[in-house]
Amino acid sequence: MKATPIPLGTRQRLFERDAFCCLYCKSGQSGLEIHHRQGRLARRGQDPHRMSGLVLLCPSCHLRATTHPEWAYRLGLSVRRIGLDETDEVPFTDCYGQLWALTDEGDRFRLPVTLT
Ligand SMILES: [Zn+2]
């Protein structure tokens, strides 16, 4: 299956939603990358670029998420292919232990829970 490019409008909304910062470490460095929270197989049959399935990460956090998938799954930065979890139902935790939820409408909001 061939990857389809992320539409320009979606990219813009994503950068604005995530305030041009890495969602994990909050770095605002240049070269931010878009991470798909689910693999291509899991996205089959649905919008491959749904807003809840995309997060902005800095290159080092993105590299860590792809080379240490267990770390990314544990934090919710990635969502497992198996099971019925939807990316808009799985919150993620940033490096400060704050819990965030993403919607397909393009919203990002902090949940009133701090994981320890
Ligand atoms: Zn980062």
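The following dialogue examines a predicted model of a protein chain.

Trainee: What does the secondary structure of the protein chain come to?

Mentor: The chain has three helices and five strands. Along the sequence they follow the pattern α-β-β-α-α-β-β-β.

Trainee: Why is Cys-61 called buried?

Mentor: A residue is buried if 20 or more other C-beta atoms lie within 10 Å of its own. Cys-61 has 25 such neighbours, and therefore counts as buried. Cys-61 is found in helix 2.

Trainee: Which residues of helix 2 are buried, and what puts them on the same side?

Mentor: The buried residues of helix 2, which spans residues 59-67, are Cys-61, His-62 and Ala-65. They cover an arc of only 100° around the axis, and therefore lie on the same side of helix 2. In general, an α-helix has 3.6 residues a turn, so residues three or four places apart point the same way.

Trainee: Which exposed residues does the face turned away from the buried side carry?

Mentor: That face of helix 2 carries the exposed residues Leu-63 and Thr-67. As for the buried residues of helix 2, what covers them includes strand 1 (33-36), strand 2 (54-57) and helix 3 (69-75).

Trainee: What does Cys-61 touch, leaving aside residues up to four places away in sequence?

Mentor: On that basis, Cys-61 touches Cys-22, Tyr-24 and Cys-25. Cys-61 and Cys-25 are 36 residues apart in sequence, and their C-alpha atoms are 7.5 Å apart in space. For the chain as a whole, among contacts between residues at least 6 apart in sequence, 53% join residues at least 24 apart.

Trainee: How many bridges join strand 1 to strand 2, and which residue is the bridge partner of Glu-33?

Mentor: Four bridges join these strands, which run antiparallel. The bridge partner of Glu-33 is Leu-57, in strand 2.

Trainee: Where does Ala-19 lie, and why is Ala-19 called exposed?

Mentor: Ala-19 is placed in the loop between helix 1 (8-17) and strand 1.

Trainee: What makes Lys-26 partly exposed?

Mentor: Partly exposed residues fall between the cut-offs of 12 or fewer for exposed and 20 or more for buried. Lys-26 has 14 C-beta neighbours inside 10 Å, and therefore counts as partly exposed. Lys-26 lies in the loop between helix 1 and strand 1. The phi of Lys-26 is near 70°, again positive in a residue other than glycine.

Trainee: What percentage of the residues in the protein chain is buried?

Mentor: Buried residues make up 28% of the 116 residues.

Methods. Residues numbered from 1 in each chain as written. Predicted model: local features only at pLDDT ≥ 70, side-chain atom pairs only at ≥ 80, totals over all residues. Helix = DSSP H or I, 4+ residues; strand = E, 2+ residues; numbered from the N terminus. Arc of directions from axis to C-beta. Contact = placed C-beta atoms within 7 Å. Pairing = 2+ DSSP bridges.
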